[in-house]
Amino acid sequence: MVRDMRARTILDKPRFCTFPHNIYAGRQDFAATLHHYNNSNPMTDRYAIVGHPVAHSKSPQIHALFARETHQDMSYERLLAPVDGFHGAMEAFRRSGAKGGNVTLPFKLEAFTYANDLTERARLAGAVNTLRFDGDRILGDNTDGIGLCADLAKNQQVVLTGARILILGAGGAARGVVGPLLAARPAQLAITNRTHSRAEEVADAFAAMSESTVTPLTLAELPTQRFDLIINATSASLAKDLPPVPVSCFDDGALAYDMMYGVGQTPFMLLAATAGARTADGLGMLVEQAAEAFHVWRGVRPSTGPVIAHLREQLRQA
Ligand code: ATR
């Protein structure tokens, strides 16, 4: 009941955003954006999601709902940076007085080098999805892993401590979530990848940085293993592909979590369902990582449940 009322409060109030949700298509439009910003209310704190492409991003909508709920005077836009121009675009945005931003594909590694100060979790992830500007300080953070853990714990009722967890994939998405998953002290954290050497690289990187270990498993080793939680961090679902994982890996009551969202049931989720596993997509992670970024910038924690429900309903109607 309380949850319903909160959802209504958030969604029914007038929109908070000072600026229209434009989509900036290139260098010229980017300059126009900055001009627009420079002539807007100087009291409003400005943020943006920077990526290429960025038109699909739900972040402006999510942060608009957060800001409305928590009464923050802020704006949040989409900025399309040229593929070869992340640094220049971000720096121009920062110098125009912006307070920070989110970074999405393909710029998370560049954001890591752009920052002049890093949180521990960004250092562990080797990638940055959240930037905060304080004077000359450019703080790089990574809220992806904590967003995943929050979604698992709060929205999926998964107890990570003591769980046997398998990560599929060894790219940036996988690496970004290893640190927070390890911090939750699972009984086992294994990683497997189509290209096994990349899984070994991730395990080696964390062995050097952390006391807990990640076990790299070959595809041939998987049939003898059982897991409580299997996370698809590959990009296979984008192409409607199934990453290699035997159905026998899903133990009774297991959760199959696909970090992808908005594409309905992915082949990975369909396979898991045939094994009797529960399934979840990455929509909750998207909202939870945004909430953590919001906290980094504004110092307040917005409610995530109503926002997830709202986006879920939008996806259902799309
Ligand atoms: P991201 O930053 O999104 O993780 P990435 O660094 O390109 O993107 O990594 C993509 C991951 O998905 C890799 O682990 C990749 O496996 P390889 O290292 O063998 O390339 C995995 N991947 C992509 N398509 C896949 C498929 N069809 N089946 C299995 N794994 C796949």
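**Group meeting: a helix pair and a hairpin**

Okay, let's start with two helices: helix 7, residues 144–155, packs against helix 8, residues 172–183, at an angle of about 55°, and their axes are 7 Å apart. An angle like that makes helix 7 oblique to helix 8. As for handedness, the crossing of helix 7 past helix 8 is right-handed. Before I go on, keep in mind that this is a predicted model.

So which residues in helix 7 and helix 8 meet? On the helix 7 side you've got D144, G145, I146, L148 and C149, and on the helix 8 side they meet G176, V177, G179, P180 and L181. Sort that contact by class and you get six nonpolar residues, three polar ones and one charged one.

Now let's move to the strands. Strand 5 covers residues 130–134, and strand 6 covers residues 137–141. These two run antiparallel, joined by five bridges. One of the pairings is D134 with R137 in strand 6. Strand 5 and strand 6 form a hairpin, with two residues between them. Have a look at G135 in that turn: its phi is positive, about 60°.

Strand 5 also pairs with strand 3, residues 100–103, again in the antiparallel sense, over three bridges. There, G101 has L131 in strand 5 as its bridge partner.

Let's zoom out to finish. The protein has twelve helices and twelve strands. It has 318 residues, and 46% of them count as buried. And if you take the contacts with a separation of 6 or more, 66% are between residues 24 or more positions apart.

Terms used: Residues numbered from 1 in each chain as written. Predicted model: local features only at pLDDT ≥ 70, side-chain atom pairs only at ≥ 80, totals over all residues. Pairing = 2+ DSSP bridges. Helix = DSSP H or I, 4+ residues; strand = E, 2+ residues; numbered from the N terminus. Buried ≥ 20, exposed ≤ 12 C-beta atoms within 10 Å, placed from the backbone. Contact = placed C-beta atoms within 7 Å. Axes fitted to C-alpha atoms, helices over the stretch in contact; angles between N-to-C directions. Parallel < 35°, antiparallel > 145°, perpendicular 65-115°, else oblique. Left-handed = near helix turned anticlockwise from the far one by under 90°. Nonpolar A, V, L, I, M, F, W, Y, C, P; charged D, E, K, R; others polar.
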